[in-house]
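Hi,

Here is the structure I said I would pass on.

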Amino acid sequence: MLMLLAFGVLLQEILANAQDENLTNIKNIPEVPLYSYKSINVPEEHIPYFLHNNRHIATVCKQDSHCPYKKYLKNLKSCWGYERSCKPEYRFGYPVCDYVEMGWANDIETAQQIFWKQADFGYVKERLDEMKTHCKPIAKGDSSLACSRYLQHCRATNLYIDLRTIKRNHDRFKEDFLQEGQIGGHCNFDSQAFMAEGQRKSPLQSWFAELQTYTPLSFRPIEDGKCDIIIEKPTYFMKLDAGVNMYHHFCDFVNLYITQHINNSFSADVNIVMWDTSSYGYGDLFSETWKAFTDYHIIHLKTYDSKRVCFKEAVFSLLPRMRYGLFYNTPLISGCHGTGLFRAFSQHVLHRLNITQEGPKDGKIRITILARSTDYRKILNQNELVNALKTVSVFEVKVVDYKYKELEFSEQLRITHNSDIFIGMHGAGLTHLLFLPDWAVVFELYNCEDERCYLDLARLRGIRYITWQKKNKVFPQDQGHHPTLGEHPKFTNYSFDVEEFMYLVLLAADHVSQHSKWPFRVKHDEF
């Protein structure tokens, strides 16, 4: 009996020790984060705005000891500006207007509101407010189609596209590419309201030509096995402008970024499909930029030829040359500058491409001169101007030629972002101004009588713009020789008065040194 009792005590002790050991092992198992926070991958400044619009992630973060964003949970009022719940005082930014342009507005407040709607997050709000469902799902598994006005942007679910019998030629945006029944979904389609949106039918202004044959199908494409390929990942369709010209191609990227805001998703785990009805490839000198938007290679539409393809989630991106779109030929009210939208775009791209600010430098102003190796708009006395700059001890001067074959685009961006004054002749290379730091100045050495292009782009980005004013101190090589238009100021080369050039650069340096975000602010008379 005593032996049984002793055995029972021993057994209890063994079990207790084993239980303690298991508890110790459980404690040693590392906790797993409740969410993949790395996938958010937006600039630190954007985190509170992201959490405001993704409350489910904020809730998980609150419960998760591994969440790196807990400091932002105390105040989730920060908002971009387009949200229904957004109060003006918590917006990401708001433009500044220095004066009122009569004919546009009667007071500063109205001018600010107009500019915000034209080119800031107010533009996003208007696109959101326009969204209309044209094809409504009736049951689970059905399709849907919703678009903004004029079909400038659309969202579709369970989208069916039949590319088995299509014909390609040299036309990049063939309007009758898809016929009835070759694109559509299983949903209740309001054909009359849909066809009324075709007023701006044009390749880079609307998706009307591509969607005009959208057909309400009698079958559910995915559930009924009508797809040769099913694309699970969200897919962005884009019609691209000129990939060899930075100004035009960045209209594509800006509009893709705006589209992400409309869809409240900045995930890079998406496909981007280039909608091109030709059989040609696409020249892209800025392809590194796609890394800011997708983890994968760009897909050409012709990849899916001869197949029936079904997209579980499809987005038709805003387009680069829309009437009153951004930023090609956008009519802007004068006197206003600084949009949160373009500042956020700049930050987003720089963050995703891992371009960092290596300054500013105390006691130095970093000046970058963009040289041109093209036939026209070269600076004939460039060496003389550079030598003059080097006589000022605080100027750190760099001359660059952004040749895509010799300098990777990411390296170009690194140089630009680490410039305090960026100088160049009129040309697409000045689009780099989008990625200058907030305190910088862009100096369009000569605008060649195209006065609004880069002035307006600088206003959108919110940086100071200056250009040559005294025509008697700029010396064209000749009258210019356009291939068809004859004399033209963009088709010649120029020399510049050194003294006037230095005066303008010193004005730019003074602006940099006085900017609120310049950490080494100096008195006005230092330069």
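Asn263 sits in helix α8 (helices are DSSP runs of H or I with at least four residues, strands are runs of E with at least two, and both are numbered from the N terminus). Before I go on: this is a predicted model, where local features need pLDDT of at least 70 and side-chain atom pairs count only at pLDDT 80 or more, while totals for chains, interfaces and linings use all residues. Residues are numbered from 1 along each chain as its sequence is written, and side-chain values use heavy atoms, with hydrogens and water left out.

Is Asn263 buried or exposed? Its relative accessibility is 18%, so Asn263 counts as buried (buried is under 20% relative accessible area, exposed over 50%, partly exposed in between, with a 1.4 Å probe and protein chains only). The Asn263 side chain makes a polar contact with the side chain of His153, at 3.3 Å (a pair of N or O atoms within 3.5 Å; within protein, one must be able to donate a hydrogen and the other to accept it, and residues adjacent in sequence count only if both atoms are side-chain atoms). Leaving out residues up to four places away in sequence, Asn263 touches His153, Arg155, Tyr236 and Val315 (contact means heavy atoms within 4.5 Å).

After α8 comes Asn264, with a positive phi near 50 degrees.

**Trp116**

Over in helix α4 (residues 108-119) you will find Trp116. Trp116 counts as buried because its relative accessibility is 5%. Beyond its neighbours within four places in sequence, Trp116 is in contact with Gly81, Arg91, Gly93, Tyr94, Pro95, Phe121, Gly122, Tyr123 and Lys125. Glu313 is 197 residues from Trp116 in sequence, and their C-alpha atoms are 30 Å apart.
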